[in-house]
Amino acid sequence: QTPRFQSLPVSYEAGAAEFYDYSPIDHDPLKELITQLGLSITPMGGNSVFLNQQRFATVEDVEIGLGSAIRRHWINFHEQARACISPREFYESDNSDPGPLSQTAVSAVPAPRFSTVRDSLQSPPLQTFIETMIHSDLATEWTHTDVSYGLQNYLMNHPDYMRLYSIAGGNEQLVMRLLQSTPMNVRLNHQVLAVSRTETLQLRLQVLHQNSVTDQDFDFAVFSLPVLPLKSIRFHGPLLTDAMQRHFRQFDHHAHYLRVTLLYRNPFWKDWLADSWCMLDAWGGCCLYDETSRQPESPCGIVCWLVGGDAEVELSRLSDDQLIHTAIQTLPQGRTEAADMLLEGHVHRCIEAVSARPGGEQPTRLDLRHQPEPVAHPLLFLVVDYLFESTLNVVLDSAVCVAGWIAAELE
């Protein structure tokens, strides 16, 4: 989503903040698709972490501000993380197929939590530093996710593993360009209430649109939804009901996001935020974006807080005005200016929008991830990010997998 402000004719990001660029390692289908659609990209980057209003951007900053021992421990942690996951392993981690497993694929022994890595650091300042650095990317707490996913979110800050970019003019252009290029009949604002099977083995969807409910039959059904709206659909029939319950037990590990975006006539923060973003130690660690960096020709200033994890649930209970005031108080500098010069602010709450443990508690075969009930409902598929990880890249990977499957069925 790329909405526009009312006070000035400029836009801001309310959904996905950026795209992940894996092309330095290997083939990146999403970046290639964006290019094929004729869209331009804007590179993004940032390496600053603010602790107690002090900026840390280099190893030397850490030594000066936190001491040589913390610097040494951080370097050791960094080297150990790289030894655990190479750039190639990082690239391939989303597409691995573990081979034959049981349909439930849920281990009685859960994977070690990422909090065990934090505890092993044995240095509260270093724990705070790393938590601040990666908390908004995790969108959850270290106790809620596993070691592998936690390390991936740490390593993504290194250019050997991944780079970041946005679409010039707004990320929503990807959706709009796809909409313009498809011959399909796209129906917006239609809500699926229930799914069942007809006597002819078709899939019957109960659809709500403008207070009218209709039954519509399809040969194939592909659901691309986060867990929360997917759970709101009624799946009829014992086999399908049981299969979806197994699916939710495996993959329902919700994480949360909240965005606060403020508009100003001038980007008064440029003397301390020169990059696309920085990390603040507020709320266990949040990301502060200079949204103006996406629009170099913009005549104004736009700044955005991205908050993730349990803090988001508590903050979402506040009113928009309260959230805006609270966010301004977390700025390392310029709080008075931020309060006095504000033109317009918006809050976007994304409860349970992403996954704290993408891929589930234990890896599952690709077919079982995408086809929850293969016996009586073999033509019902899922295409979602949490089957792999919480990125737009893997949504495309998931879609390619199911599209190939459907194409084979149609031959």
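Predicted model: local features only at pLDDT ≥ 70, side-chain atom pairs only at ≥ 80, totals over all residues.
Side-chain values use heavy atoms, with hydrogens and water left out.

We can begin with an open sheet of 7 strands, which has the order 4-3-12-13-14-11-15 and mixed pairing; strands (E, at least two residues) and helices (H or I, at least four residues) are DSSP runs numbered from the N terminus, and two strands pair if DSSP finds at least two bridges between them. Strand 4 (54-56) and strand 15 stand at the edges with a single partner strand each, so one side of each is left without a neighbour in the sheet. Within the sheet, strand 3 (residues 48-51) and strand 12 (residues 277-280) run parallel and are joined by 3 bridges, and valine 49 has methionine 279 of strand 12 as its bridge partner. Helix 6 packs on the sheet, where it touches strand 3, strand 4, strand 11 (254-264), strand 12, strand 13 (286-290) and strand 14 (301-308); contact here means heavy atoms within 4.5 Å.

Helix 7 (residues 147-155) is mostly covered, for 7 of its 9 residues are buried, where buried means under 20% relative accessible area, exposed over 50% and partly exposed in between (1.4 Å probe, protein chains only). Among these buried residues are Tyr149, Leu151 and Tyr154, and the buried residues of helix 7 pack against helix 3 (68-84), helix 4 (87-92), helix 6 (124-138) and strand 15 (344-355).

Two packed helices are described by the angle between their axes and the distance between the axes. Helix 1 (residues 29-36) and helix 15 (residues 392-410) pack at an angle of about 90°, with their axes 8 Å apart; axes are lines fitted to C-alpha atoms, for helices over the stretch in contact, and angles run from 0 to 180 degrees between N-to-C directions. Pro29, Leu30 and Leu33 of helix 1 make this contact with Leu392, Asn393, Leu396 and Asp397 of helix 15.

If residues up to four places away in sequence are not counted, valine 384 touches Phe223, Ser224, Leu225 and Ser398.

How values were computed: Residues numbered from 1 in each chain as written.
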